[in-house]
Amino acid sequence: MKLNKINSLIAFAFMTILIISCAESDKVYDQVTENVERGAVLRQISNNSVPVVINSDTKEIINDDGKFDFVLEYQDHEGNSLLDDMEVYLAFNDNTDDDDDFSKAEILHETISGSSFSNGDRGLPQFTYSISTDELLSALGVSGSSLSIGGDQFVIRFKINLSDGRSFSTENNSGTITGSYFASPFTNFLNVVCGPTVPTAGTWTFETVDAWGDGWNGGSISVILDGTEAGKVANSVMAATTPTSTTEIIEFEVPEGTQVISLMYNAGDFDEEVTFIVTSANGNVVLEAGPEPPVDVELLDYCRGGL
C-alpha cells in the first residue's frame with residue numbers, strides 16, 4: 001500500500017512539473033510572437049528586364065527593347081485577401097563622374113488596383129509589370145542624350161497597400177524576405193550600358209614592360225579579331241643585366257572591315273612582373289593593365305570609346 005501511495009505521489013509531482021513547464025513554455029512563445037507583425041510580400045517570380053544600351057561614341061540609345069519587366073507574386077497571412085493596390089515609383093540616378101547631374105528624384109508613376117492581380121500557376125495572385133525605356137524617359141523627363149555609361153541607372157520601387165491601412169515596401173525589408181525564396185526586394189535597378197565599338201583599322205601599338213627584365217616567361221596577349229585569334233603579343237626582351245626593367249614596343253595591324261577586337265591575357269610564370277599599355281590606331285590609349293593582369297577575361301572596356 002505504501003509503495004502505491006509513493007508511486008501516486010511521484011506521478012502527481014511529475015504531472016505538476018509538466019503542467020508548469022508547458023505553462024512557462026507558452027509564456028515564452030507568447031513573448032516571442034506578441035511583437036511579430038505579419039505583413040505581406042511581393043515576390044519577384046522572374047525578371048525579364050533588358051538594360052538600356054547606348055553607343056559609346058555618339059551616346060545614342062541603340063536598342064529598342066530596353067525595359068523593366070517583372071512577374072510579381074503577392075502573398076499575405078490572411079489568404080492573400082488584404083491587397084488593396086500596388087504603387088509604382090520611378091527615379092533616375094546619374095552616377096557619371098562629371099559636372100552635370102541629370103538625376104531625377106523619385107516620383108509616383110502609377111497605382112495598380114489589387115483586382116488587376118490574377119491567380120498564377122502557384123495558386124497565388126500574380127501581376128506582370130513592364131515599362132519601356134521610352135516610357136521611363138518620358139515619365140521622368142530625362143533626355144536620351146543625357147544618359148551616360150558611367151553607371152547611370154533607372155530605379156523602380158514597388159509599394160503594396162493593404163486594406164487594413166498598412167503598407168510595405170523597401171523600408172520594411174529584411175534578409176528574410178529579400179533572400180532566395182521570397183525574393184522580395186521591392187526596389188530594382190535598370191543599368192545604362194555601352195554597346196560594341198568598331199575598332200579603328202590600322203597600326204595598334206603595344207607597350208610591354210617586364211619589371212625583372214627577362215621577358216614575360218610564357219605570358220602573352222591574345223589578339224582576337226572577329227572571333228578568331230590573329231596573333232599573340234609578348235615581351236621577349238632579355239636585359240643585358242638582370243634585374244633591370246625592360247620595355248618593348250610591338251605593333252599589330254588591325255585590317256579594314258574588322259568589327260570586333262578582343263584582347264585576352266594568357267598567364268606566364270611571373271605575371272606580377274607584367275604590365276602593358278595598348279594604343280589604338282587613332283592614337284587613343286584604350287587599355288592599361290598590370291602588374292599581374294587578369295587572366296582569361298576580356299580586357300578592353302568598350303565603354304571608354306575611341307577604339
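Q: Which residues have the most contacts inside the largest nonpolar core of this predicted model?
A: In this predicted model, the largest nonpolar core comprises 58 residues, and those with the most contacts inside it are Met86, Phe154, Phe158, Phe206 and Phe276. Phe154 touches residues that include Val52, Phe68, Leu136 and Phe189, with residues up to four places away in sequence left out of the list.

Q: What makes the meeting of the Glu73 and Arg43 side chains a salt bridge?
A: The distance from N to O is 2.5 Å, and the cut-off is within 4 Å; therefore the pair qualifies as a salt bridge. Glu73 lies in strand 3 (residues 67–76) and Arg43 in strand 1 (residues 40–47), so the pair, 30 residues apart, links distant parts of the chain. Arg43 and Glu73 also belong to a network of salt bridges with Arg122.

Q: Why is Glu73 called buried?
A: Glu73 has 0% relative accessibility, and buried means under 20%; Glu73 is therefore buried. Arg43 has a relative accessible area of 2%, so Arg43 is buried by that cut-off.

Q: Why does Glu106 count as partly exposed?
A: The relative accessibility of Glu106 is 39%, which lies between the limits of 20% and 50%, so Glu106 is partly exposed. Its salt-bridge partner is Arg157, at 2.9 Å from N to O. Arg157 has 13% relative accessibility and therefore counts as buried.

Q: How do you know whether Lys232 is buried or exposed?
A: Lys232 has 51% relative accessibility, and exposed means over 50%; therefore Lys232 counts as exposed. The side chain of Lys232 meets that of Glu229 in a salt bridge (2.7 Å, N to O).

Definitions and conventions. Residues are numbered from 1 along each chain as its sequence is written. This is a predicted model: local features need pLDDT of at least 70, side-chain atom pairs count only at pLDDT 80 or more; totals for chains, interfaces and linings use all residues. Side-chain values use heavy atoms; hydrogens and water are left out. A nonpolar core is a set of buried Ala, Val, Leu, Ile, Met, Phe, Trp, Tyr and Cys residues joined through side-chain atoms within 4.5 Å. Buried means under 20% relative accessible area, exposed over 50%, partly exposed in between (1.4 Å probe, protein chains only). Contact means heavy atoms within 4.5 Å. Helices (H or I, at least four residues) and strands (E, at least two) are DSSP runs, numbered from the N terminus.
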